[in-house]
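Biologist: I would like a close look at a single part of this model. Please take the salt bridge, and then set it in its surroundings.

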Amino acid sequence: MHVVIPYVIASLLFALGVYGVLRRRNAILVLMAVELMLNAVNLIFVAADATIRSTLVGVQPEAWAHPLPEARAGQVFALFTIVLAAAEVGVGLAIVLQYYRLRRDIAIDQVSLDEDGQVTT
Amino acid sequence: MLTRAPIGPSDDLDRPAGPAALIGAGVGVGLTVLLADAFHWTRYDLPPTGTARRIGEQVFGAWVLPFEVLSILLLAALVGAIVLSRPDLGARPGPAAAAVPAEPVPDPSTESDAVSARLERIAARQASAQARMRQAAAEERATAAAAERAAAAQPAEAATSTITADPVDQARKGRAHDVIFGAHERRARVGDDMPDESRTMEGTATERPTPQRRPTTRRPAIEGTIEGEVVEDRPALPSGKNDSRNDGEKAGGEDA
């Protein structure tokens, strides 16, 4: 199997996420596009875990950690990224909900940070 | 918010596609070229399938401190999401939000034909229900008046009836009994035997499947007859209610 296949897929996913973030006005769809980019990063993590040889073989571990049985930790990193994505989407949806309650709108190019809430541009 | 979002391009949901497509394609092509240049056409054999044991050993071994920090972060995100989304804890609508008009009240005249037809059906059903209740009350009054007149005219015939007590009082008691226990006694039961013989169960059993026959037997009782019919009428009263409801629904359907 070629090494470049998962990387190309991940870069295309990331580009799709960038396109969605720039294209959509709906805040929830923007959040979904951000999740798409996070999935691309997860795919990069797992692919690099499987394909790149670690250079941390001889590193002495810290005192609080167990010695690494093997240096491949990309899957654990992907797991942590999934947890971060869950937290991010939870807070993001709460913010979107609160903004919808305040302004009855979730179009993110109408968002103004002024006090009066009017769009100045 | 999301469920009413149309699928596909729409003017009020999307920004112009040109710059977004340009930047997205640029990012995609750039990353693809970068990674393809990094790896060229290197082939490699797939590593052995990862197991949950390995993941668990790593998470609870080398990465236990980031794991705990992530748990605290998840807790903070949970608390933050609750504080943000609860209306009595988070930010309240300010004076700027008060200027925002509320949701428009739906106007019945602008509804579609199907919805207006359904509303008319509901109104007709309610009107027929009210008419049914009024008719039932009138029938009850007429029955009571007929019973009183019959009792005053022929008090001796009360002794020949199956009920020996005062017929008016018995009829009233019987109506109350039917109102209270009618549904219980009219239920289907195994081995249909009635211990009380004064209750003509077969009358109701024959009358219930044939509601068309009921008004012809009912109307003489309304117009005033002797009280023997009142006694006969008493077990049939709940079924009469059922029949009148069915008639009312039919009438409502015809009205609609």
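What follows is a walk from that one pair of residues out to both chains.

Modeller: Keep in mind that this is a predicted model. Start with the count. A search over all chains finds one salt bridge in the whole structure. The partners are Glu57(B) and Arg53(B). Their closest N and O atoms are 3.5 Å apart. That falls inside the cut-off, which is 4 Å between a side-chain nitrogen of Lys or Arg and a carboxyl oxygen of Asp or Glu.

Where does the pair sit? Both residues belong to helix H2 of chain B, residues 52–59. They are four residues apart there, so about one helical turn separates them. The general rule is simple. An α-helix has 3.6 residues a turn, so residues three or four places apart point the same way.

Are the two partners buried or exposed? Arg53(B) is exposed, because its relative accessible area is 65%. The line for that class is over 50%. Glu57(B) has 41%, so it counts as partly exposed.

Now the chain around them. Chain B has 10 helices and zero strands. Its pattern along the sequence is α-α-α-α-α-α-α-α-α-α. It holds 256 residues, and 25% of them count as buried. Take the contacts in chain B between residues at least 6 apart in sequence. Of these, 69% join residues at least 24 apart.

Move on to a nonpolar stretch of the surface. Leu75(B), Leu78(B), Val79(B), Ile82(B) and Val83(B) make up a nonpolar patch. Val83(B) lies in helix H3 of chain B, residues 64–85. Its relative accessibility is 37%, so Val83(B) is partly exposed.

Next comes chain A. It has three helices and zero strands, running α-α-α from the N terminus on. Of its 121 residues, 38% are buried. Its accessible surface comes to about 6,700 Å², and carbon and sulfur atoms hold 66% of that. Among contacts in chain A with a separation of 6 or more, 63% are between residues 24 or more positions apart.

One helix of chain A can be checked for length. Helix H2(A) covers residues 27–51, 25 residues in total. At 1.5 Å a residue it should span 36 Å, and its end C-alpha atoms are 36 Å apart, so the two values agree. Asn26(A) caps the N-terminal end of this helix. A side-chain oxygen of Asn26(A) lies 3.2 Å from the backbone nitrogen of Ile28(A).

Finally, see where the chains touch. Arg15(B) sits in the segment before helix H1 (17–39) of chain B. Beyond its neighbours within four places in sequence, Arg15(B) contacts Val21(A), Leu22(A), Arg23(A), Arg24(A), Arg25(A), Ile108(A) and Asp109(A). Its relative accessibility is 24%, so Arg15(B) counts as partly exposed.

Another contact starts from chain A. Val83(A) is placed in helix H3 of chain A, residues 74–103. Setting aside residues up to four places away in sequence, it touches Leu70(B) and Leu74(B). Val83(A) is partly exposed, because its relative accessibility is 23%.

Conventions:
Residues numbered from 1 in each chain as written. Chains lettered and ligands numbered in written order. Predicted model: local features only at pLDDT ≥ 70, side-chain atom pairs only at ≥ 80, totals over all residues. Heavy atoms only, no water. Patch = residues over 30% accessible without salt bridge, like charges linked within 9 Å, V, L, I, M, F, W, Y side chains within 5 Å. Areas by Shrake-Rupley, 256 points an atom, 1.4 Å probe, with all protein chains shown as cover. Helix = DSSP H or I, 4+ residues; strand = E, 2+ residues; numbered from the N terminus. Buried < 20%, exposed > 50% of the residue type's maximum accessible area, 1.4 Å probe, protein only. Contact = heavy atoms within 4.5 Å. Expected span 1.5 Å × (residues − 1). Polar contact = N/O pair within 3.5 Å; in protein donor to acceptor, adjacent residues only side chain to side chain.
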